[in-house]
Each structure stands twice: as C-alpha cells, then as structure tokens.
Amino acid sequence: MKRYLADSAATAALASELLAVLPADTAGWTLLLEGELGAGKSTFARALIGAMGHLGAVPSPTYTLVEPYQIADRRIYHIDLYRISSEEELRYLGWGELEDGFRLVEWPDRVPGLARTADLRLSLSYAETGRNAQLKGLSERGKAVAGRLQMANLDHPKD
Ligand SMILES: Nc1ncnc2c1ncn2[C@@H]1O[C@H](COP(=O)(O)OP(=O)(O)OP(=O)(O)O)[C@@H](O)[C@H]1O
Ligand SMILES: [Mg+2]
C-alpha cells in the first residue's frame with residue numbers, strides 16, 4: 001500500500017486506518033517504522049497510540065529507548081533503536097521481554113535482521129512538502145493486515 005501524506009494530519013489519519021484493520025489482540029506483533037530523520041515515525045506512533053485510547057502525552061523514546069503503555073487489555077511498547085547497533089545490544093535492552101505487547105519500532109534498520117521477525121513495515125520518505133508512505137506486510141498475519149488496509153482504500157479512496 002502506497003500513499004502520499006500531504007501533512008502530519010494525513011500521517012495521523014493513516015495510523016487510525018491501520019488500527020481499524022488490526023486485530024484486537026496485538027500482543028507479540030511488531031511494526032517497523034522506517035524513515036530518515038524527521039520522516040514522521042514518531043508522528044505515526046503517537047497517532048496510533050492515541051487512536052488506541054491513550055489520553056496522555058506520548059514522549060519520544062529517544063533517551064529511554066522503550067516507552068510502555070497499557071491501554072485496557074492492550075500493551076504497547078514504543079521503541080527507538082537509534083542508539084542501538086546490534087542484535088546483542090537489543091537483547092541487552094530486554095527485547096525478548098517485550099513479547100507480551102505490540103512493539104512499535106523507530107529506526108529498525110539499526111538492527112539488521114529485525115525484519116525477519118516483524119509483522120509490518122511502514123516506510124516514510126520525504127516527497128514534495130509531505131511524505132510518501134508505504135505499508136508492507138512481512139509475516140503472514142502482517143500481509144493479511146496490509147491486504148485489509150488496501151481493500152479499505154479501494155472502498156474509500158482518499159484522492
Ligand atoms: N506527512 C507529513 N507531511 C509533512 N510533515 C510531516 C508529515 N508527517 C510528520 N510531519 C512533521 O515532520 C516532523 C518530524 O516528525 P517526527 O518527529 O514524527 O519524525 P521522526 O521520523 O520520528 O523523527 P526522528 O528521526 O527524529 O525520530 C514533525 O514536525 C511532523 O509534524
Ligand atoms: Mg522519532
């Protein structure tokens with residue numbers, strides 16, 4: 001699925017659309033948020049966490065590396081791997097203990113091999129005054145979600 005996102009509101013709207021096609025139980029799911037500095041990874045994560053029902057602030061995990069959220073039954077981990085550079089460091093961070101939640105990962109390319117176990121990848125890139133977005137399913141269940149988003153777009157085209 002590809003889409004031009006004219007502004008940050010469009011990035012946030014895409015997060016709501018994704019939530020609508022995600023299963024209620026996202027424990028153990030991983031969404032990779034790829035894109036260069038300022039591409040809108042945090043904007044998307046913030047909108048998704050907000051759309052899931054979180055009312056407070058969504059601080060950037062740049063320094064804490066992991067920001068956990070509990071929203072009703074849903075556990076979410078907003079993760080920033082900017083300062084991580086290997087699978088070993090990722091283990092040290094306690095990656096395996098985050099299996100019980102939905103992992104939203106900024107800078108996933110810092111750890112080669114992460115895509116092997118992820119479900120979805122959103123790639124954001126600069127385009128004109130906005131961003132281009134591409135959502136790709138990586139796992140079988142991720143592909144099903146990406147397919148549902150594609151179908152929803154065909155039913156309700158944006159532009
Ligand atoms: N579709 C869009 N079009 C234009 N600007 C956008 C869009 N989406 C987000 N932005 C803006 O881009 C800026 C950077 O966004 P954000 O912090 O989410 O990026 P990031 O990828 O998380 O950056 P970092 O690499 O520092 O973590 C913000 O000012 C945000 O409002
Ligand atoms: Mg960010």
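Let me begin with a term: a residue is called buried when its relative accessible area is under 20%, exposed when that value is over 50%, and partly exposed in between, using a 1.4 Å probe and the protein chains only. Please note that this is a predicted model, in which local features need pLDDT of at least 70, side-chain atom pairs count only at pLDDT 80 or more, and totals for chains, interfaces and linings use all residues. Residues are numbered from 1 along each chain as its sequence is written, chains are lettered from A and ligands numbered from 1 in the order in which they are written, and side-chain values use heavy atoms, with hydrogens and water left out.

With that term in hand, consider helix H2, which covers residues 41–51. Helices here are DSSP runs of H or I with at least four residues, strands are runs of E with at least two, and both are numbered from the N terminus. The buried residues of H2 are Lys41, Ser42, Phe44, Ala45, Ala47, Leu48 and Ile49. Their cover includes helix H1, strands S2 (30–34), S3 (66–71) and S4 (74–80), and also S5 and S6 (120–127); the contacts in question are heavy atoms within 4.5 Å. After H2 comes Gly53, with a positive phi near 115°.

I turn now to ligand 1. How many residues surround ligand 1? There are 18, and the closest are Thr11, Gly40, Lys41, Ser42 and Thr43; a residue belongs to this shell if one of its heavy atoms lies within 4 Å of the ligand. Which elements each supply at least two residues of the shell? They are helix H1 (8–21), helix H2 and strand S7 (130–137), and H2 gives the largest share, with three residues. Sorted by class, the shell holds five nonpolar, eight polar and five charged residues. In this scheme Ala, Val, Leu, Ile, Met, Phe, Trp, Tyr, Cys and Pro are nonpolar, Asp, Glu, Lys and Arg are charged, and the others, Gly among them, are polar.

An oxygen atom of ligand 1 is 2.5 Å from an N or O atom in the side chain of Thr43. For the side chain of Arg131, the corresponding distance from a ligand oxygen is 3.1 Å. A polar backbone atom of Ala39 lies 3.2 Å from an oxygen atom of the ligand. On its own, ligand 1 has 650 Å² of accessible area, and the protein covers 71% of this; such areas come from the Shrake-Rupley method with a 1.4 Å probe, and for residues only the protein chains shown count as cover.

Thr11 counts as buried because its relative accessible area is 4%. Beyond its neighbours within four places in sequence, Thr11 is in contact with Leu5, Gly40, Thr43 and Phe44.

Ser42 (OG) and Glu106 (OE) coordinate the ion at 2.1 to 2.3 Å. These two residues stand 64 residues apart, Ser42 in helix H2 and Glu106 in strand S5 (residues 102–106), and both are buried. Donors are N, O and S atoms within 2.8 Å of the metal (3.2 Å for Na, K and Ca); water is not among the atoms, so the site may look incomplete.

Next, the loop between H1 and S2. Thr26 lies in this loop and is classed as buried because its relative accessibility is 1%. The side chains of Thr26 and Arg74 are joined by a polar contact of 2.8 Å.

Finally, a point of backbone geometry. Most residues other than glycine have a negative phi. Trp107, in the loop between S5 and S6, has a positive phi of about 60°. Glu128, in the loop between S6 and S7, has a positive phi near 50°. Are these residues buried or exposed? Trp107 is buried, at 12% relative accessibility, whereas Glu128 is exposed, at 75%.

Conventions:
A polar contact is a pair of N or O atoms within 3.5 Å; within protein, one must be able to donate a hydrogen and the other to accept it, and residues adjacent in sequence count only if both atoms are side-chain atoms.
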